[in-house]
Every structure is written in C-alpha cells, then in structure tokens.
Amino acid sequence: MGYYSMSCPMAEFIVRNSVTRALQADPTLAAGLIRMHFHDCFIEGCDASILLDSTKGNTAEKDSPANLSLRGYEVIDAAKEELEKQCPGVVSCADIVAMASTYAVFEAGGPYIDIPKGRKDGSRSKIEDTRNLPPPTLNASELIKMFGQHGFTAQEMVALSGAHTLGVARCSSFKNRLSDAVDPNLDSGFAKQLTKTCSAGDNTEQPFDATRNRFDNLYFNALQRNTGLLASDQTLFAFARTRNIVNGYAFNQAMFFLDFQQAMVKMSTLDVKEGSKGEVRQNCHKIN
C-alpha cells in the first residue's frame with residue numbers, strides 16, 4: 001500500500017490533483033477514466049497497455065473499435081508529466097491509470113477506494129486482444145462466464161456493472177434493441193424515447209441513468225423499471241441468478257458502494273506485472 005511512500009511521496013496527491021482539475025472542467029470524464037482502467041485491466045492485466053500508440057508494424061488496443069470512444073488520456077498525461085518532474089522514472093503509467101479511476105469514483109460521489117501500487121507497464125498492445133472485452137450484447141450468463149475467467153464472482157460482476165451509474169452509451173451500442181423484434185425486457189415508453197433519440201444518428205449519446213455524472217445506485221433502480229440502456233445492463237435484472245443482487249443494490253446504496261469498492265480493488269490487481277516483468281515508461285504512449 002505504501003509503495004511510493006519513500007520514492008515519490010507526492011505521487012497520489014499529484015494524480016488526484018490532475019483528476020480533480022480535469023473533472024472540475026468536465027465532470028463527464030469520470031466515466032471515461034473508470035472505463036479506461038477496466039479496458040486496461042481486462043487485456044493483459046493492469047499494465048497501461050491501453051495507452052500505447054500504434055506503430056508502423058503494430059495496431060494497438062486503443063485503435064480497436066471497442067476503444068475508439070475511450071476518453072481521459074490527457075488526464076493521465078498531465079499527471080505523468082508532473083510526476084516525471086518530481087520523481088523521474090518512478091511512477092508507472094499503470095499505477096496512474098488505476099489511481100485515476102479510483103479518484104474519479106470518489107470525486108463523482110462514490111466510495112473512497114484505496115488500492116495497492118507497484119504495477120509495472122507492459123510492452124504488448126495488440127488490437128486483436130480486445131476481442132476479450134465484453135460487448136454490450138452479452139446476456140448475464142455470458143457476462144458471468146467472461147468475468148469468471150478473470151476470477152470475479154457473479155456478485156462482483158453486477159457490482160462492477162454499476163459503474164454504468166456514470167456516463168453515456170452511443171446509439172450504435174443499443175440500437176439493436178429497438179429493431180422490429182423489440183427487446184421484451186425494454187420498457188415500451190423508454191423504447192420510444194430511445195428511438196427518437198437515435199433518429200439523430202449512431203453517435204448520439206444517451207445517459208445510463210438520470211444522474212450521469214453522479215456515482216449512486218440509480219442505475220440499479222433503472223434496471224428494476226426495465227429502463228436499462230444496454231442489453232448487457234438489462235439482462236442483469238432479467239436473469240434470475242443476478243436479479244436479487246440488482247434488487248439488493250437498488251434498495252441499499254451503502255451495500256453497493258462496499259461491494260463496488262472491494263471489486264475495484266480486485267480489478268486493479270488483475271494480472272499485474274511486478275518487478276522485472278515490466279518497466280516504468282518515460283512516456284505513457286510508447287515503450288522505453
């Protein structure tokens with residue numbers, strides 16, 4: 001936990017400052033930073049592989065269709081720049097991404113999450129690896145299986161899905177639910193509203209819940225009313241095995257916060273590279 005206490009005592013303060021400044025200017029970035037951490041950790045572990053730019057001979061993760069709408073890179077870069085001034089070559093990009101996601105949760109009104117540090121940066125970032133990110137069309141049993149492959153329980157998967165209390169999805173990610181055979185788990189009034197919203201085009205944004213920049217349990221209340229946005233959201237309520245977990249979180253925000261906090265700590269330690277297994281990048285966008 002005190003990984004930088006001697007080598008760079010200001011590390012956490014600097015990252016937190018960078019996040020706070022960014023969110024004051026644009027609160028919608030909180031969702032982006034949490035999603036970046038998740039997309040990083042699910043591919044090659046939490047090793048900042050998501051930050052590497054493509055090179056002549058390699059198309060990186062960030063250029064995958066699943067990652068083109070990721071946001072917040074400049075927040076990570078700002079923190080890294082300041083850290084390199086204070087303690088050059090000490091704080092990894094992987095730790096910055098992980099820390100930034102936890103501060104984003106807290107700044108948006110969610111629980112305070114304290115995570116261990118010491119992740120090293122990886123050197124592999126390949127577009128084909130991103131097929132291991134869960135698409136928005138998965139049902140609950142497929143989600144349980146996919147998260148299970150990373151060691152998460154069904155309950156932890158539902159808690160982490162609650163990160164969709166922040167942010168938006170684009171019509172391209174849910175318009176399949178609005179076609180002729182309308183999704184039976186979609187409230188008909190909500191379906192009409194979404195159809196109208198999406199008439200403006202595939203990139204139109206729709207918030208996941210009524211408080212898009214506030215970390216709360218309204219996402220789970222929306223699922224109870226069949227107004228979950230993605231198929232992969234609403235399935236959590238439609239599916240018997242996960243419905244009671246959704247009901248629990250909708251009823252008790254404190255329980256959701258506690259479970260989310262613990263699941264985030266677990267996610268932040270997925271397949272981490274320690275010691276000589278990785279490096280501390282000087283520039284987060286390329287290997288040393």
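This is a predicted model: local features need pLDDT of at least 70, side-chain atom pairs count only at pLDDT 80 or more; totals for chains, interfaces and linings use all residues.
Four disulfides are found in a search of the whole structure. When the bonded cysteines of the protein are numbered in sequence order, they pair as 1-4, 2-3, 5-8 and 6-7. One of these disulfides is formed by C8 and C87, whose sulfur atoms lie 1.9 Å apart. This pair links distant parts of the chain, since C8 belongs to the segment before α1 and C87 to the loop between α3 (73-86) and α4, with 79 residues separating the two. Both C8 and C87 are buried.

A further disulfide connects C41 with C46, with an S to S distance of 2.1 Å, and the link is right-handed, with 120° about the S-S bond. C41 counts as buried because its relative accessibility is 0%, and C46 likewise counts as buried because its relative accessibility is 1%.

The disulfide between C171 and C198 also has an S to S distance of 2.1 Å; the torsion about its S-S bond is about -85°, and the disulfide is therefore left-handed. Because C171 is placed in the loop between β1 (168-170) and α7 (188-198), whereas C198 is in helix α7 itself, the pair ties together parts that are 27 residues apart in sequence. Relative accessibility is 0% for C171, which therefore counts as buried, and 15% for C198, which therefore also counts as buried.

H39 is located in helix α2 (residues 29-41) and, because its relative accessibility is 7%, counts as buried. Beyond its neighbours within four places in sequence, H39 makes contact with I50, E61, A66, N67, L70 and L133.

In helix α1 (residues 11-25), I14 counts as buried because its relative accessibility is 8%. With residues up to four places away in sequence not counted, I14 touches A79, E82, L83 and Q86. Of these contacts, L83 is 69 residues from I14 in sequence, yet the two C-alpha atoms are 7.0 Å apart in space.

Technical notes:
Residues are numbered from 1 along each chain as its sequence is written. Side-chain values use heavy atoms; hydrogens and water are left out. Helices (H or I, at least four residues) and strands (E, at least two) are DSSP runs, numbered from the N terminus. Buried means under 20% relative accessible area, exposed over 50%, partly exposed in between (1.4 Å probe, protein chains only). Contact means heavy atoms within 4.5 Å. A disulfide is a pair of cysteine sulfur atoms within 2.5 Å.
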